[in-house]
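I opened the model to look up its ring pairs, its sheet and a few single residues. The entries follow in the order in which I made them.

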Amino acid sequence: MIRQATQSDLMGVYKVINSNLDDYFAESTIEFFMAQWPGGQFVSADLFGRIDGALCGAILDAGRVTVSLLAVDGSSRGRGIGTALLDSLKRRCFMEGRTTIQLEVRTANATAIRFYRRNGFEICETLSGFYNDGGSAYRMVCRLSG
């Protein structure tokens, strides 16, 4: 089940993000996203309420938002959770009149790049040395329409 994240989801989001992404993110990072745009935070919960996916969005400028963090627990991948999280964000953006969603993904992460392309994103820029470990990223963009 996909729903908007609440403050009580903080530890579950923290766990799924840090267990499934290759960087460490402090609790304060997730709290920042929740405070900056409460409507742009989504979680997936299993039948027992355990968070198995999370998306943290942030408002940029000029009708743009970014997917700052998106993770799905390894044991839950392939079930459409990532797509459902992105769809929830797209609906929120549409309702708020936001027209563009962007994100960054490691250039070496072919699986994620294919996933984002299937979900309407296109590569628009290469960002050399974007990650803390010096890894490069692609900026990908999805333009929303009526």
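**Entry 1, rings.** I pair rings of Phe, Tyr and Trp (its six-membered ring) if their centres lie within 6.5 Å; planes under 30 degrees apart count as stacked, over 60 as edge-to-face and the rest as tilted. This is a predicted model, so I ask pLDDT of at least 70 for local features and 80 or more for side-chain atom pairs, while totals for chains, interfaces and linings use all residues. Residues are numbered from 1 along each chain as its sequence is written, and side-chain values use heavy atoms, with hydrogens and water left out.

By the ring rule I get five aromatic pairs. One of them is Phe115 with Tyr116, edge-to-face, at 5.1 Å centre to centre and 65° between the planes. Tyr116 also pairs with Phe121, again edge-to-face, at 5.7 Å and 70°. I record Phe115, Tyr116 and Phe121 as one aromatic cluster.

Phe115 counts as buried because its relative accessibility is 15%. Tyr116 is buried at 9%, and Phe121 is buried at 2%.

The charged end of Arg98 sits over the ring of Trp37, 5.5 Å from its centre. Arg106 lies over the face of Tyr131, 4.1 Å from the ring centre.

I take helices (H or I, at least four residues) and strands (E, at least two) as DSSP runs, numbered from the N terminus. Two strands pair if DSSP finds at least two bridges between them. In what order do the seven strands lie? I read β1-β2-β3-β4-β5-β7-β6, an open sheet with mixed pairing. The edge strands, each pairing on one side only, are β1 (2-4) and β6 (122-127). For angles I use axes fitted as lines to C-alpha atoms, for helices over the stretch in contact, and the angles run from 0 to 180 degrees between N-to-C directions. Neighbouring strands are turned by 25° against each other on average, direction ignored.

I then went through some strand pairs. β3 (residues 51-59) and β4 (residues 64-72) are antiparallel over seven bridges, and Ile59 stands opposite Val65 in β4. β5 and β7 also run antiparallel, joined by seven bridges. Arg106, already noted over Tyr131, stands opposite Ala137 in β7. β6 and β7 pair in the antiparallel sense over five bridges, with Glu125 opposite Arg139 in β7. I note β7 as mostly covered, five of its seven residues being buried.

I count a contact when heavy atoms are within 4.5 Å. Helix α2 (residues 27-36) lies across β2 (41-45), β3 and β4, and runs at about 60° to β3. Helix α4 (residues 110-118) packs on the sheet and touches β4, β5 (100-106), β6 and β7 (137-143). The direction of α4 makes about 165° with that of β5.

Asn20 is in helix α1 (residues 10-20) and counts as buried, at 18% relative accessibility. What lies beyond its neighbours within four places in sequence? There I find Asn20 in contact with Ala71, Val72, Asp73, Gly74 and Arg77. For polar contacts I take pairs of N or O atoms within 3.5 Å; within protein, one must be able to donate a hydrogen and the other to accept it, and residues adjacent in sequence count only if both atoms are side-chain atoms. A polar atom of the Asn20 side chain lies 2.9 Å from the backbone oxygen of Val16.

Ala62 is in the loop between β3 and β4. Ala62 has a positive phi of about 50° although it is not a glycine, and it is exposed, with a relative accessible area of 71%. Leu47 is in the loop between β2 and β3 and is exposed at 84%. I also looked up Leu47 and Met1, 46 residues apart along the chain: their C-alpha atoms are separated by 8.0 Å.

Terms used: Buried < 20%, exposed > 50% of the residue type's maximum accessible area, 1.4 Å probe, protein only. Lys NZ or Arg CZ within 6 Å of the ring centre and 35° of its normal.
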